[in-house]
Amino acid sequence: MVRRRGIPPRCKSFDKRTDATRWAREIEAEADRSGWVADTRLAEKTTLGELLTRYRDQVSPTKRSAHTEKSRINAILRRLITHRTLAKLTSADVATYRDERLRDVAPATVVRELNTLSHAIEIALREWGLWLPRNPVKMVRRPTVPQGRKRRLEDGEEQRLLAACDRGRTRLLKQLVILAIETGMRRGELLGLTWEHVYLAKRIVHLPLTKNGESRDVPLSRRATDTLSALSENKLPDTDLVFPMTGNSVRLAFEHLRLRAKMSDFHFHDLRHEAITRLFEKGLNIAEVSAISGHKELRMLQRYTHLRAIDLVARLD
């Protein structure tokens, strides 16, 4: 037991006297140096798994991405690293976890998992009374994430994709694909769009809440306006959603669509990439495109500007 005036007493049991003496000297040296003794008892009895469970149940529900983060944490909880107590968790443990996960999942997934781990520990340090000399996750190098996809629709592929929609059984999938190409809206934004926020006379749709936490208005091309006009004439009476579909149903339907169209390397998010790049090809500047796409950072928007030289020839005459 270590006792100092003005400092809560600290006690700990050891199997060997030498270990106890070393621990006591460290505590006394810390008290002499900083004037206080960090209470590591909570970190010594709390496992990383227990911390993540509390974070999942108390912090994750306050986020817009709650469902995604909960799924990510549940995946982490299945790993052996979560049995470590926080006091014994080292950067080497985290690095080993990183390397093992890289064998199974993409680097971007590992980066998101490490960021979640780091934030959970930061919350515990700031708000839950846990003390550690440092956040071990912050000391670990993040894996390099490959550059964003550059896949665009080649000649004839848009027609193949829409023709494959006609051969499928998923209602409204063709209209969903057309609007994704024409507006650059994300899948979640399209599935959350309601008729209340569709203004066909003004040729805009309003998104009250987007990925970056802000609202925005998206202008509609003539093709997008015609598509929405046709949908409005046959909308379902029991819902205000333009596309009454779930994200999972769209994901599965698009996987089958890719096979029918023989475009297995094409993803739904590539439609947004195609739409934004077309806006640049029409002559819109970065500020105008960002207002439509909702990007707040120029760096994020630059990876969409993969203008094809063959499409720019006419503008050089």
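Predicted model: local features only at pLDDT ≥ 70, side-chain atom pairs only at ≥ 80, totals over all residues.

User: OK, how many helices and strands does the protein chain have?
Analyst: The protein chain has 15 helices and five strands.

User: What share of the 317 residues is buried?
Analyst: Buried residues make up 42% of them.

User: And what share of the contacts with a separation of 6 or more joins residues 24 or more positions apart?
Analyst: Those account for 64% of such contacts in the protein chain.

User: Let's zoom in. Where does R151 lie?
Analyst: R151 sits in the loop between α6 (107-127) and α7 (157-167).

User: Is R151 buried or exposed?
Analyst: Buried. Its relative accessible area is 15%, and the cut-off for buried is under 20%.

User: Which residues does R151 contact, leaving aside neighbours within four places in sequence?
Analyst: E157, M263, D265, F266, D270 and H273.

User: How far apart are R151 and H267 in sequence and in space?
Analyst: They are 116 residues apart in sequence. Between their C-alpha atoms the distance is 8.6 Å.

User: D270 and H273 came up as contacts of R151. Are they buried or exposed?
Analyst: Both are buried, and both are in α12.

User: How many residues of α12 are buried?
Analyst: Eleven of its 13 residues, so α12 is mostly covered. Among the buried ones are L271, A275, I276, L279 and F280. Charged-type names show up too, including R272, E274 and E281.

User: What span should α12 have, and how far apart are its ends?
Analyst: Helix α12 covers residues 269-281. At 1.5 Å a residue, its 13 residues should span 18 Å. The end C-alpha atoms are 19 Å apart, which agrees. The expected span uses one less than the number of residues.

User: What follows α12?
Analyst: G283, with a positive phi near 105°.

User: Which residues have a positive phi without being glycine?
Analyst: L172 and K262 are two examples. Phi is near 75° in L172 and about 55° in K262. Most residues other than glycine have a negative phi.

User: Where are those two, and are they buried or exposed?
Analyst: L172 is in the loop between α7 and α8. L172 is buried, at 10% relative accessibility. K262 is in the loop between α11 (247-261) and α12. K262 is exposed, with a relative accessible area of 72%.

User: New topic. At what angle do α7 and α8 pack?
Analyst: About 155°, with their axes 8 Å apart. That makes α7 roughly antiparallel to α8, because angles over 145 degrees count that way.

User: Which residues make that contact?
Analyst: From α7: E158, L161, L162, C165 and D166. From α8: L173, K174, V177, I178 and I181. They divide into seven nonpolar, no polar and three charged.

User: Is E158 buried or exposed?
Analyst: E158 is buried, with a relative accessible area of 11%. Not counting residues up to four places away in sequence, E158 touches L153, I181, R223 and R278.

User: What about α8, how many of its residues are buried?
Analyst: Nine of eleven, so α8 is largely enclosed by the rest of the structure. They include L176, L179, A180 and E182. T183 is another of the buried residues.

User: What does the side chain of T183 sit close to in the backbone?
Analyst: One polar atom of the T183 side chain lies 2.6 Å from the backbone oxygen of L179. The backbone nitrogen of M185 lies 3.2 Å from a polar atom of that side chain. T183 has a relative accessibility of 3%.

User: Which residues are in contact with T183, leaving aside neighbours within four places?
Analyst: L190, V218, L220, A224, A275 and I292. A275 is one of the buried residues of α12.

User: Last one: what comes just after α8?
Analyst: G184, which takes a positive phi of about 75°.

Key: Residues numbered from 1 in each chain as written. Heavy atoms only, no water. Helix = DSSP H or I, 4+ residues; strand = E, 2+ residues; numbered from the N terminus. Buried < 20%, exposed > 50% of the residue type's maximum accessible area, 1.4 Å probe, protein only. Contact = heavy atoms within 4.5 Å. Axes fitted to C-alpha atoms, helices over the stretch in contact; angles between N-to-C directions. Parallel < 35°, antiparallel > 145°, perpendicular 65-115°, else oblique. Polar contact = N/O pair within 3.5 Å; in protein donor to acceptor, adjacent residues only side chain to side chain.
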